[in-house]
Amino acid sequence: MRFIREDAIEWTFVLMMNKLIFAREKVLQDLQRNIRKETHKEIFRRVDEIDAALDKNREKGETLTTIMTNINIVRPMSLILAQGLFK
């Protein structure tokens with residue numbers, strides 16, 4: 001098994017840190033901006049998915065209410081309130 005001397009690792013680490021310090025604007029800040037953009041895009045995409053699912057569920061609920069009202073399983077709330085069944 002081969003080994004790497006510790007001073008070689010330290011030198012490489014210092015070299016990379018210096019490169020990042022001098023190229024901070026070019027590398028790190030661009031990377032940070034891109035990560036923030038992607039995060040926002042992902043959040044908005046997820047919100048849109050949830051909104052679409054909520055719309056589908058609302059439509060399904062309205063359809064079920066209509067069907068149950070038509071076959072007299074459920075009375076519409078306006079009839080219940082008008083007949084005084086709900087207090």
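**View 1. A nonpolar patch on the surface of the predicted model.** Phe13, Val14, Met17, Leu20, Ile21, Phe22, Val27, Leu28, Leu31 and Ile35 together form a nonpolar surface patch with about 970 Å² of accessible area. A patch is made of residues with over 30% relative accessible area and no salt bridge, where nonpolar side chains (Val, Leu, Ile, Met, Phe, Trp, Tyr) are joined within 5 Å and like charges within 9 Å; a salt bridge is a side-chain nitrogen of Lys or Arg within 4 Å of a carboxyl oxygen of Asp or Glu. Helix 1 (6–22) and helix 2 (24–70) each supply at least two residues of this patch, and helix 1 gives the most, with six residues.

**View 2. Phe13 in helix 1.** Phe13, a member of the nonpolar patch, has a relative accessible area of 55% and therefore counts as exposed (over 50%, whereas buried means under 20% and partly exposed lies in between, with a 1.4 Å probe and protein chains only).

**View 3. A patch of negative charge on the surface.** Glu59 lies in helix 2 and, at 44% relative accessibility, is partly exposed.

**Notes on the model.** Residues are numbered from 1 along each chain as its sequence is written. This is a predicted model, in which local features need pLDDT of at least 70, side-chain atom pairs count only at pLDDT 80 or more, and totals for chains, interfaces and linings use all residues, while side-chain values use heavy atoms, without hydrogens and water.

Definitions and conventions:
Areas by Shrake-Rupley, 256 points an atom, 1.4 Å probe, with all protein chains shown as cover. Helix = DSSP H or I, 4+ residues; strand = E, 2+ residues; numbered from the N terminus. Lys, Arg positive; Asp, Glu negative; His and termini not counted. Charge placed at Lys NZ, Arg CZ, Asp CG, Glu CD.
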